[in-house]
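Dear colleague,

I am handing over the structure below, followed by my notes on it. Please read them with the model open.

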Amino acid sequence: MTLAIVLAAGPAAGLSTDAGERLADRLAGQWRRAGADEVRVAAGLSELADLVAAATGPVLVSGADLVAHTAVLKHLATSPVGPTVALVLTDPPAAGQVTVREERGQVVAVDDSAGATGVFGGALRVGPADLPALAAAARAVGGPATGAAPAPDGPASALDRVVAGLVGCGTLIFAHRVRLLVAHRIGDPAELAAAQAAVAAVDEDRAELRLSVKERDDFFSTFFVSTWSPHVAKAAARIGLGPSGVTMISVAFAVAAAVLFGVGGRPALVAGGILLYLGFVLDCVDGQLARYTRHFSAWGGWLDTMADRAKEYLVYAGLGYGATHAGFRYGWALAIAAMTLQTVRHMTDTWYGVLHDEAARRPRAATGDAGGIGGKLNAASTKVQADTGSVSYWLKRTVVFPIGERWALMAVAAALFGPLVALCAVLVWGVLAFAYTGALRTLRARWMRVPVMGTVDTGLHRDDGPLARTLPAARQPLALAALGALGAAALLVVALRVVHAGADLSAWVVPLGLLVLLGGALGARAAHGGPLDWLVPAALRAGEYLFAIAVGVAGRVPPWLIFGYVFVLTLHHYDLTARLEKRQAAPPLHPASLGWEGRSALLTIGSIAGIASIALATLGAYLLVVFVASVVLAWVVLPARARGGDRSPG
């Protein structure tokens, strides 16, 4: 149950609208329309603290001095960015209000006049885990008896001081900025009249539809999709189609495009390119629909992430089959290479984002000084990102080869030149983008010096199994993981050369490659405190994928089967990163996945026994069953049991 509390303290508490309604009562009604299950008006901070202490669900708090569209309150109440979110305005700070500094959407400092990016907007949503901190901050600010803020500028600053206390005690607060809609804090009748006029001047529904589009998106999405996709989102909302339904239709479009790419022939390739573009449009629409209707869920976010990856890799499969069908011997090899490259890139993207978020929460002094090449790159990147709409801004967003550009390139290249050119183009641009982002991020990470792997379950995100957990600990986990990946790459090169020459790989080569790969397991129990240890998961993924491909090549396994096995592995690993991004628990059956070293050892046994095809097919099918069972348990069975427990008496 969501509780909303209006703090009726300060001069604004006595103001009324033109219709004679008190501002506090008006806000109470708006919170109800925004979705609050219960609304209370608190006369002071002591009462606020008591209400918060008794709450069991999320709590919405606002002062009586806030004049805003109801949609602003609804957006704050439903924001998916985190459990605790504060409204942030760009208005000039008034007496008693606190300035805030944001980094990567997080409120990292208050009353930082030099680095301020906005002011606290007089409203926040607090997640259940942070309610004790909110109650303690309210009591500390209000004092033991009076419930009023002991501040020279009066009780109007009470809620501001509570937010400052929350940030000061280390509570992670995300920022919700107001765009297109109106929200102002007022202190006298003149400001109230001006704020009401500003609210009335904005078409709320039209603004909400425009807000369904990401504030900052990539070039292709911005200019070739989002110019018209919000109208599709509005139509979907009218017919009652949900975001997950749109996601599944997008999957169907991508599958149809993959089939047409595999069929070949100019009409099929052109039709496939069109369907791929429309599938990407729907991929944008599902998020826009969620933002427009405010229907967010952890399941929907997870499904969207997983569907994006599955769709893209199915298209790679269609292109690989189409290139092979057209007479190119290595069509499937290109598809496998594209999938492996893109997955490793995504692993670095995920962990660099986690690294940046963690760095934003730390004091600036702890992340290094402004000197050195890393600091200069960080300053240059920040400057470019702030210059929205400039040529350098769009170049920076495009050169990293985001999903919109990848899908556009595949659609156009396949339609005009065929599957082979499409795969080659994706690989070439992908390699260049990986080299560019990898070099710059490495330099910036060394400057930030944030041991981000130490903030998570390292074994889970390394995907270690029982064998890795029993081996002795060794230092330098990144060096060991990178060495294992290089060993797997060398094994693959040897296998390709030997098989291409028509010979058989010696029986001892694959076990030797496994021994080198298992060097990465020696770092499983080591401290991952280095500034570059965020690269460890990506290095381990690269090592496992390259080793599996090498086993398949050495055993002359059909390339489509190798693709299928690596595809299942990517689903397993994307499940881990998607849960990390959505702040979800580990997959329920994760121990049954055997760990990267356990899977590699089983493939080695299959290679020695001369049944590499059977080993890849059997292990791939097993992992797929474990993945599906984990999905059902995590998103269907366990939530249903939790709801049943909530209904049980006593």
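Which residues make the nonpolar surface patch of about 520 Å²? In this predicted model, the patch is formed by Leu483, Trp508, Leu512, Leu515 and Val516. Helix H21, residues 509–517, supplies the largest share of the patch, three residues. Val516 has its place in helix H21, and with a relative accessible area of 31% it is partly exposed.

Helix H4 covers residues 131–142, and at 1.5 Å a residue its 12 residues should span 16 Å; the end C-alpha atoms are 16 Å apart, which agrees. The buried residues of H4 are Leu131, Leu134, Ala135, Ala137, Ala138, Val141 and Gly142. Seen down the helix axis, these buried residues fall within an arc of 165 degrees, so they line one face of H4. Pro132 and Ala140, on the other side of H4, are exposed. What do the buried residues of H4 pack against? Their partners are helix H2 (45–54), strand E3 (59–63), strand E8 (118–126) and helix H5 (158–168).

Helix H11 (residues 266–293) can be checked in the same way. Its 28 residues, at 1.5 Å a residue, should span 40 Å, and the end C-alpha atoms are 40 Å apart, which agrees. Just after H11, Arg294 takes a positive phi of about 60 degrees.

Now the charged pairs. Side chains of opposite charge can pair when their charged atoms come close. Counting a side-chain nitrogen of Lys or Arg within 4 Å of a carboxyl oxygen of Asp or Glu as a salt bridge, the model has 20 salt bridges.

- Arg22 and Asp25 meet through their side chains in a salt bridge, at 3.3 Å from N to O. Arg22 is partly exposed at 36% relative accessibility, and Asp25 is partly exposed at 36%.
- Arg104 forms a salt bridge with Asp357, with the closest N and O atoms 2.6 Å apart. This pair links distant parts of the chain, 253 residues apart: Arg104 is in the loop between strand E6 (99–103) and strand E7 (106–110), and Asp357 is in helix H13 (residues 331–361). Arg104 is partly exposed, with a relative accessible area of 44%, and Asp357 is partly exposed at 23%.
- Arg579 and Asp575 meet in a salt bridge at 2.8 Å, N to O. Both lie in helix H23, four residues apart, about one turn of the helix.
- Asp65, Asp160 and Arg185 are linked in a network of salt bridges.

Helix H23 (residues 559–581) also holds Val568. Val568 is buried, with a relative accessible area of 10%. Leaving aside neighbours within four places in sequence, Val568 is in contact with Gly620, Leu623 and Leu624. The C-alpha atoms of Val568 and Gly10 are separated by 59 Å, and the two residues are 558 residues apart along the chain.

Pro11 is exposed, with a relative accessible area of 56%.

Regards

Methods
Residues are numbered from 1 along each chain as its sequence is written. This is a predicted model: local features need pLDDT of at least 70, side-chain atom pairs count only at pLDDT 80 or more; totals for chains, interfaces and linings use all residues. Side-chain values use heavy atoms; hydrogens and water are left out. Helices (H or I, at least four residues) and strands (E, at least two) are DSSP runs, numbered from the N terminus. The expected span of a helix is 1.5 Å times one less than its number of residues. Buried means under 20% relative accessible area, exposed over 50%, partly exposed in between (1.4 Å probe, protein chains only). The arc is that of the directions from the helix axis to the C-beta atoms. Contact means heavy atoms within 4.5 Å. Patches are made of residues with over 30% relative accessible area and no salt bridge: like charges are joined within 9 Å, nonpolar side chains (Val, Leu, Ile, Met, Phe, Trp, Tyr) within 5 Å. Accessible areas come from the Shrake-Rupley method with a 1.4 Å probe; for residues, only the protein chains shown count as cover.
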